[in-house]
Structure formats: structure tokens, C-alpha cells
Amino acid sequence: MPVYLHAVAPTVPPIAYPQEVIRDIIRTQPELDRLGQRLTTRAFNASGIDRRHSVVPDFLLGTDDPPGLFYDAGTGRMLTPGTGARNAFYVTHATPLFVNAARSVLASSPFGADDVTHVITVSCTGFFAPGPDYEVVRALELSGRVARFHVGFMGCYAAFPALKMARAFCDADPDAVVLVVCAELCTIHMHSAADPDTVLANSVFADGAAAAIVSARPPASAQGALRLDAFETTLTPPGVGQQDMAWTIGDQGYDMILSTYVPDIIETHISGALAPLLAQDPALAEAAHGGVQHWAIHPGGRSILDKVQSSLALRDEQLLPSREVLRQYGNMSSATVLFILADLLTRAADGERVCAMAFGPGLTVETGLMTRVTG
């Protein structure tokens, strides 16, 4: 039975910082020696990012304003709140993002609040209970009988497990309407350090949310949808990448590990990771990458997109949606690939194929094959 992604609604906090503003603040921190300053300048300038949205207002403060939780404009120092304080900030600011994204996708879809049977929320940048799934149900006045699930701490690829869950629910119940909401507040874990992993993380991660509606109901002829054809999960070989992409909980928030080796690891293993997905469609068995018109590649960073493009021999226009999301928003972890799929919902023509891909802790490669269809 076909299952469809009917609508996607991206949402970002209203605060947006130009990349050079955060760069200049970080490279003046006393923890950074000359090498750390050079690494920061190089990482920010080469990021392919123009601006990033954040729930943190501190970098807008004037020198006469009281210090914020994360930054004191008077001294120019980044502050060091503990993990508990950061998580409390997450609880306050993540909930509106979850709710706004969920409300927006319902408004742009052929479904209403009364139609929703399942809610799946996704986040790896904070935790609380009752969680965001509960908050979405209450704020949107969904039925108290709605089944709720939360996908936590899976990182940048987590939208894929959520979409796979949604498809499974629709396979089991043709009347199911699944609301998926990803929201990430990566910037609340930013801190100053000279090590290359922290420098790289500081230069790419951002805040954002996106919601999607999945059901087995055929799409309306005018609006269209993405048919969810196949998904695959692939791990790199044992000992490869496990320590290069990871998150751990530290005393000053979550420590994001995104090493400079990740693009090379992806370059080496990407074709093998894609093979099981494309093998599910006989039409792509020989055409392989060339038979897929559109690509939604999670932009973990500019160098990752560069390696994917060269390894798969993709054209510039096929990477344009991914590069544009990176340029305008940065890496919003799990929500990012949904921003790209929102663009492809309108960009792809009827019958054209879409291959989506994201990378995360492990190193895990999640892939999905979709087809743009109209009623």
C-alpha cells in the first residue's frame, strides 16, 4: 500500500546571526590560542553558511545590558552555564518551535487536527517529561487518544527513523494520519574551546524545526506528495567513524563531535551505503545514481556535500537545495533534511525520483527513496 509525505513545514526562531558575527565573538575568547583563532576563522569562512538562527538572544545584547545566560556583552566573554541550566532553557524555547511547526504543517496539508492519529517528535538537544509529544497534543487540541512517540538523541539522521515509523503505522492502519515534528536547539550547547571538534561544531550547528504529515490517503491532484518508496540503514564497518561523529553529555551541555575525518569516511563508504536502497527498485538497478533526478543530502557541512557530489557525480543543480539550506540555515541536526524535502515537494515534477540521505553518530547512513506524485 502506498504511503505519502503530504506536506512539510519548516520553522526557525526569529533571531538570525550572520556567520561573521559569531565567528568574531568566538575567536576573541581567551581559551583560544593563536592556532585556535586560525582554526575558527578558517572553519567559519569555509562553512558555506551565511547565517544561522538561534533561540539565544544574548549576542544581540549591548555592552550596558545585564549578562545573558550564554554571553556577557560587557566583557565580551562567553559564559559557561551547566547542563541543567541549558536543558531548562531548552524546555522553555523548544516547546514553541515544536508547536508552531506542527500547527503550520496542518494548516498547509489536507488534514485537520481531528484527523491526526499518531504524533512522533524528534530531538537530540534536550529532554523533559511530559515531553514535546505531549505539548503538541495539548497545544493543538488533538485527541487524548492519539498515540505518542519520541525519538531522542539519534542526531542528524533521526528524521529517517521517524518517517519509517510513520510509514509502518500507515501500513498497519490505512486510516492513520501521522504528524512528525523535529526540533533542535543546537546553539544552546555552544561553548568556547580550542579543540578542532568544538571549533567545527561551533561553525555549523543552528536551531530550527520542521513538521511533516504522513498518511496512506492519495494526494490531492493540485497539491501532490512524495510517495515513500523505500528506506535503508547502513553502518560503516566496525571501528570506522564511531569516534568521529558522536554526542556526549558534559558538564557544560552536550559535546558535539564532528571530526574533520567525517567527509573522507563518507566519500569512501557512500556508494556502498546507497546500493541496498537503489537495489530495491529494478528501474534504478543499472541507472543507479543517474536515475534519480533530485537529491536531499543532509548538509552536515560544506565539505560533506562536496564529497557526496564528487563521489556520486551529481550535477550542481542536484545539490543546490541542500547547499541553499546550509547557506541560509546551517546544520539544524534532525530537522535539516525536512527543510530540503519541503523545497523538493514543489521543485520536483510528477513522477520524478528523490533520494534523501543523512549521516549521524556511529557513523550511521540513513537513506530514503521517494517519488513525487499527484492525484
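This is a predicted model: local features need pLDDT of at least 70, side-chain atom pairs count only at pLDDT 80 or more; totals for chains, interfaces and linings use all residues.
## Packing of α7 and α8

Helix α7 spans residues 262-278, and helix α8 spans residues 302-312. The two pack at an angle of about 40 degrees, and their axes lie 9 Å apart. An angle of that value makes α7 oblique to α8, because angles under 35 degrees would count as roughly parallel. The crossing of α7 past α8 is right-handed.

On the α7 side, the contact is formed by Val262, Pro263, Asp264, Ile266, Glu267, Ile270, Ser271 and Leu274. These meet Ser303, Ile304, Lys307, Val308, Ser310, Ser311 and Leu312 of α8. Classified by residue type, the contact of α7 with α8 comprises eight nonpolar, four polar and three charged residues. Asp264 and Glu267 of α7 and Lys307 of α8 are among the residues of this contact, and each of these three counts as charged.

The model has three cavities of 30 Å³ or more. The second largest cavity has a volume of about 80 Å³.

Which residues line the second largest cavity? Its lining consists of Tyr17, Ile22, Arg52, Ser54, Val56, Phe59, Thr187, Met190 and Phe205. By class, six of the lining residues are nonpolar, two are polar and one is charged. The lining includes Arg52, and arginine belongs to the charged class. Ser54 and Thr187 also belong to the lining, and both count as polar.

## The second largest pocket

The second largest pocket holds about 160 Å³ of space. A total of 16 residues line this pocket, and His189, Thr198, Ala201, Asn202 and Met256 are the ones nearest its centre. Helix α6 (196-204) and strand β12 (253-258) are the elements that give two or more residues to the lining.

The lining of the second largest pocket has seven nonpolar, five polar and four charged residues. Among the residues nearest the centre, Ala201 and Met256 count as nonpolar.

The peptide bond from Ala129 to Pro130 is cis, and its omega is near -5 degrees. Pro130 is placed in the loop between β6 (118-123) and α4 (132-139).

Where does Glu141 lie? This residue is in the loop between α4 and β7 (147-152). The phi angle of Glu141 is near 55 degrees, which is a positive value in a residue other than glycine.

Notes
Residues are numbered from 1 along each chain as its sequence is written. Side-chain values use heavy atoms; hydrogens and water are left out. Axes are lines fitted to C-alpha atoms, for helices over the stretch in contact, and angles run from 0 to 180 degrees between N-to-C directions. Helices (H or I, at least four residues) and strands (E, at least two) are DSSP runs, numbered from the N terminus. Angles under 35 degrees count as roughly parallel, over 145 as roughly antiparallel, 65 to 115 as roughly perpendicular and the rest as oblique. A crossing is left-handed if the near helix is turned anticlockwise from the far one by less than a right angle, and right-handed if clockwise. Contact means heavy atoms within 4.5 Å. On a 1 Å grid over the protein atoms alone, a cavity is a set of points where a 1.4 Å probe fits but cannot get out, and a pocket is an open set with protein on both sides within 12 Å along at least five of seven lines; lining residues have an atom within 4 Å of a point. Grid points are joined across faces, edges and corners, and a volume is the space filled by probe spheres set on the points.
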